Amino acid sequence: MGNEKDHLEAIEGKEKFRYIGTSPIRPDGVDKVTGRANFGADFTANGMIHGRVVRSSHAHAKIKSINIEKALKMKGVKAIVTGQDFPKIDPSDKVVGEVVVSFYDMSQNVIARDKVFYDGHAVAAVAATSIKIAEEAAALIEIEYEVLPAVMTVIDAMKKNAPVLHKGMKTEGMDPVPKRSSNVASRAELKLGNAAEAFKDADVIVERDYTAQTVHQGYIEPHACVAEVSADGMATIWSSSQGQFMVRAFVAKLCAMNASKIKVIPSEIGGGFGGKTKVYLEPLALLLSRQSGRPVKMVMTREEVLRATGPTSGGHARAKIGAKKDGTLVAAELEMEYEAGAFAGSPVKLGCMTGFAPYNLKHVSCIGWDVVVNRPQAAAYRAPGAPVAAFAVESAMDELADTLGIDPLELRIKNAAVEGTQAPYGVKFPKIGCLETLRQAKATEHYNMPLGPNQGRGVASGFWFNIGGQSSASVMVNPDGTVIVATGSPDIGGSRASMALMAAEVLGIDYDNIKPLVADTESVPFSDLTGGSRVTFATGKAVVEAAEDAVNDMKRRAAKVWDVDIDQVEWKDGIATCIETDIHKPMTIAEIAAMAGKTGGAISGKANINAKGAGAAFATHICDVEVDPETGYVQVLRYTAVQDVGTAIHPAYVEGQMQGGAVQGIGWALNEEYVYSKDGQLQNTGFLDYRVPVASDMPMIDTVIVEVPNPGHPYGVRGVGEVPIVPPLGAVANAVSHAIGIRMADLPMSPPKILATIDAAD
Amino acid sequence: MAKHHVEAIINGDPAEFLCGTEQTLLDCLRDELSLTGSKEGCSSGDCGACSVILDGRLVCACLVLGVEVNGKKVETIEGVAKGDDLHPLQKHFLQEAALQCGICTPGFIVAAKALLKENPHPTETEIRYWLAGNLCRCTGYDKIITAVQKAAAEMRGES
Amino acid sequence: MANLDYSSPSSVKEVVKILTTAKGKAKVMAGGTDLLVQLRAGRLKASTIVDVKNISELRTIKKEKNGFTIGAAVSGAELGAHKAVNKAWPGVVEGLELIGSTQIQGRASLGGNLCNGSPAADGVPGMIAAGATCLIAGPKGTRTVPVEKIVVSPGRTSLKSGEFLVSFFLPNRPKKSGDAYLRFIPRTEMDIAVVGVGVSLTLDKKGMCTDARVSLGAVAPTALLVKNCANALIGTNIDEDALNALSEAASSACNPIDDKRGTIKYRTKVAGVLARRATVIALKRARKN
């Protein structure tokens, strides 16, 4: 990494890059436009049978008995597993981070043991020679339940006499720890300065409660896998996930196996957005395969996806901001309760950490409550925890701007976090682009366009940390001078292209001569999963280092051939040149590769890193809407996303992340929500009534890429995937609020809700 | 009832398969004919990932019974490119980065192909409404619309 | 689960025979866009599927002397492409064309949309407003029934055992007459109607409304033909007062439910809003005719 300084200088003048910043066709593209790419459900194995899951339709119940006798007798049924077939895991077995991963909970979420905790909770799984037989057998499994009252909302769950989901759950983070069990898993608190005191200095204070509903990531590909356990206990799993190593680690844990006995082969992944950072089917398929001696394929239906996977937390937030008359923020408070779903672990703490991060505040208090309810266990969803917090904070900022009569972007510019600002979550920001996104937003043509009747404009900002973590990369030089770049990071949105571009930049060879691939768990060292906007940053860093390692290897070979010191070899544009003398004819990568056998064998480079130095991302979005005052229908007229991405490696896919995140956020703001019956059955179990935006709902999404390079990455990469979903909830809500002249603080802003709000004000 | 023997023309070639009544055309394509390019995203006609062209009409393969296609013509994503020669839609989807995860892409390309056959000059609004039955969760649709517009222009001989 | 049979008869007679002799439950399928979803979800048990798409009577649109006969299995895309029907009954075509996506349009039929029995069926209010009738075939021969008499409650029809829907008849449009269908959905496409309104009206030479039929969908267990709405228009020049009265009559006729798609309050109010808007469109068309 000695040349990080050189890289940064290179960023200053981007024209120095040959490949970075171009948008070539992705290496896996042709397979994906011709139908040849293999996704989770596309894999078959010889002798394969099919598994189906039996799910509870009760939201909360004790399992009194499970009788599988009749089902087992059915012809074609090869295996049946229930919770009792899985090894017991100790409740203390967990990994503690910003979000706790409890293997005890994970095991129960994969298949219920004594209790079911939500509509759709897996209770048993059947494998049979056809899907039809498996479904018929599933219907023959007799389960006796003792139905318990369902707890569906954080408000109900926090009531004093609420039915308790998990006996023994004592609120963590409380001092003293409460004696009684409750549905509150934990309390998180973040403090900077003394907010309560500082509010006294405010000329104006805005304060309001906000609500958001449970939403699903909504990836189009349902979860799918094939598992095969051979007679010697060696297992192979083909699956669609955000991390083959994650699948291996979790399956090993839940099935009490040694990691070396499980090989996970990643398929193409048809969308994840955080929802495929967990296992659901893989442990079931593995046990069914072990029991039957046959490969077992399991594919979820859309109904199963909605009932039992994802979603992300709905919840409540109370935001309070105090400011001077001139708009200077003096203090801020945020208190939030997030649904964790059936098991602890909502991203409420991340909400607390991110909400006020775009602003320079000396006095902040954030409190978050993690609350269990009878809904599916929350999974990550793009910038987990941040959108709902930002919805509250950005709505409050908008209200403050209205109250003070200051332009909402001007108010944000005045208070924007800059290099050196102490973030509410503890760090002092290094170089960041918050202010730049705000200024660029203000300068857009969009922001300065006049609006018509019933139209409104909203702006909002957002923050996401971006993360590093463990990544591995191998760069293998083929005998003809072409190169293979192998990583362990599933490609969910074009990252193969970014990896190839960064390798091309270091190696100085054509993008087309590089083949990036996503390797299985036995072909590349461990890597963390794809998530947190880490791959282009962290895995990219590993690729850069591995490519540099390969370049060094090739310089060594050239030095050997020329019999000079390695310092005398310069590498440029894929060619080794001897600096000292021109008697040696420069050698191309192909020439060096061709003589590898004579210079020490195959040429490669590797890097296994735990990447530090992730650079924070900031975004500001502008949204125009028109509201039909008689029906409450909202049309999004125009939308612009401005984002600091550090350096755009592949600008077209960077824009794609910004556009896609914005539209998911618009869906969250307008029409997406989980609708449950009173006793906890999910009512909208398909795309008909779980209303994600369709093509005709959306305008073009304009993008403005801001590039304030991240000093922590050789090419300045920050990470782009997550922050685009943070501002839209607030931006859309602010736009609708301005259009109707009443503040909308309850998501989704579906037509009935908007019309009721308008009518109530009349 | 015994399985049905179905003969159809799939991507221009004769094909035959056996299927039960309850098997959809999508099941038959994927499981009986190993044509897995048509994807299953919902099985209820709400996502369009299984879009195919049946006797010239765009349909969701999940809402057609396999037995119904006896004697009919089916075009799937596998038949869109002619060998190595990509269809303009495929080329422009690649050039415009109109796919991220790629699971919805086959359905979009088949649906857009049907659109351009019927309407070589679609406006942005016409493209958006025609493709409203194809869900994409990654792109926000923007680049998909652009790719269809550019493919349409190329097919009209304008580029 | 017993094996599911399939047949695709080529005559009305054969269908009746299968329906009357089938063991278990025989289900008629046209486009299948509702039926297959219900079968797959396990909400509908059947022993035989009778595919009626190979019967020419059910697949053709025929211009008769006094109107149009439209086969029950004609798809939305086919009806949408029929110029004469479009010109005469744009509201009816609008309704059918709003059902689902382009993909669904290639399959979904007017007959299936009606017989599926959903109170929110987009194809139905327009036909009720148009005064369309259904030709029903059964073991005792054929009978003609007004569209509004087919669905009796959600998912249930007045068709007797062995009967099925062969075709619709749409009368010729009188002079100075126009129709329209509007629905409300939360998105621009791909949703089930939260409220649907079909309006057909006729004017005299002076522009006074002499006849009107207004039908509401998704606001009651079945699509409604609302006499009071018609009364609010007939005898007026469809001025602001008439439109207000119509709007109120539409809202008062509602007997909706609260569900994942809308609230009682919302449906009731929006029924009034859409009744007015659809009437304004129908009026414009009537003036042009």
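Visitor: Before we start, what do the angles between helix axes run from and to?
Guide: Axes are lines fitted to C-alpha atoms, for helices over the stretch in contact. The angles between their N-to-C directions run from 0 to 180 degrees. Keep in mind that we are looking at a predicted model.

Visitor: Is helix α2 of chain B oblique or roughly antiparallel to helix α5 of chain B?
Guide: Helix α2 (residues 88–95) of chain B packs against helix α5 (residues 142–155) of chain B at about 140 degrees, with the axes 8 Å apart. Roughly antiparallel needs an angle over 145 degrees. Therefore α2(B) is, relative to α5(B), oblique.

Visitor: How many charged residues does the contact of α2(B) with α5(B) have?
Guide: On the α2(B) side, the residues include Lys91(B) and Phe93(B), and they meet residues of α5(B) including Lys150(B) and Glu154(B). By class, the contact has eight nonpolar residues and one polar, and the number of charged ones is three.

Visitor: How does α6(C) run relative to α9(C), roughly parallel or roughly antiparallel?
Guide: The axes of helix α6 (residues 90–97) of chain C and helix α9 (residues 123–130) of chain C come within 7 Å and cross at roughly 165 degrees. Angles over 145 degrees count as roughly antiparallel. So α6(C) is, relative to α9(C), roughly antiparallel.

Key: Residues numbered from 1 in each chain as written. Chains lettered and ligands numbered in written order. Predicted model: local features only at pLDDT ≥ 70, side-chain atom pairs only at ≥ 80, totals over all residues. Heavy atoms only, no water. Helix = DSSP H or I, 4+ residues; strand = E, 2+ residues; numbered from the N terminus. Parallel < 35°, antiparallel > 145°, perpendicular 65-115°, else oblique. Contact = heavy atoms within 4.5 Å. Nonpolar A, V, L, I, M, F, W, Y, C, P; charged D, E, K, R; others polar.
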